[in-house]
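Hi,

Here is the structure I promised to pass on.

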Amino acid sequence: MNGVTNDRISVIIITLNEEKNIKRCLDSVVPVADEIIVIDSFSSDRTREICDEYGVQFVQNKWPGINAQRNFSLNFSKYDYVLSLDADEALSDDLCSELKRLKSDGFTSDGYVFNRMTNYCGKWIRHSGWYPDSKLRLFNKKRGSYQGTDPHDEIVMQEGSEVESVRKDILHYSYYSIEEHLDQINKFTTVSAREKMKRGKSMNTLVHLIFYPTWTFIRVYFFKLGILDGYYGFVLSVLDGYYRFLKYVKLKQLILTR
């Protein structure tokens, strides 16, 4: 897609009670953002107060699901190129510099994929299937939209779109404690089980409740090199298997009680 001259970026951030994260995120995008839009699901903490200090466009919308919320957010951007971040993410210095270069040179692709490195309980995870965790996060909204299955979002580009990989990191400050991770697993597996139920997914108890969780642990810890991430690599391997187990336990319960 040669000849693109639109070199401005709308940064869009989705929030709900993110007072401990939002300042770091906003500080990281200020150097490259031509506008910042925060789509908030009626936070009850200081999220709005902090955002107001940065003069961002602050829009509140009742939570309709992650993909619907992100597509809703696209309506508020003045510019075609949208950089989508979560409040617990931030641009690394290297990625910020690369985005400045892209803006200066002019965008030549419809979408840009970045690496994402996660900080888990204070430790940067460099294996365990969590890195490089490539994400399409900067894209021309005329060429793409969110079409994933809740609770996970996914940008899908139109056929023929050009997508470029940029080997710089988004920094993801995911969980400050294992308790937070367990709470998220509980929420996400409930949403995922309901989505599978809506789509009429069936399951095999032996395969889905025993084989898949066990294989997930083996794959993450050994084949995805979780063992190199030390203690937290082991924890993540166990919890990845637990996530799969719990998702199908909840699906089984829905099937039995329908």
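Helix 7 (residues 230-257) has 28 residues and reaches 41 Å from its first C-alpha to its last, close to the expected 40 Å (1.5 Å times one less than the number of residues). Helices here are DSSP runs of H or I with at least four residues, strands are runs of E with at least two, and both are numbered from the N terminus. Before you go on: this is a predicted model, where local features need pLDDT of at least 70, side-chain atom pairs count only at pLDDT 80 or more, and totals for chains, interfaces and linings use all residues. Residues are numbered from 1 along each chain as its sequence is written, and side-chain values use heavy atoms, leaving out hydrogens and water.

Back to helix 7: its buried residues include Gly233, Leu239 and Tyr243 (buried means under 20% relative accessible area, exposed over 50%, partly exposed in between, with a 1.4 Å probe and protein chains only). They pack against strand 6 (111-120), strand 7 (123-125), helix 5 (178-198) and helix 6, where a contact means heavy atoms within 4.5 Å.

Phe223 is found in helix 6 (residues 205-223). Is Phe223 buried or exposed? With a relative accessible area of 59%, Phe223 is exposed.

Ser73, in helix 3 (residues 66-73), is buried at a relative accessible area of 3%. Leaving aside residues up to four places away in sequence, Ser73 touches Ile12, Ile14 and Ile39.

As for the whole chain, there are seven helices and 11 strands, and buried residues make up 48% of the 258 residues.

Cheers
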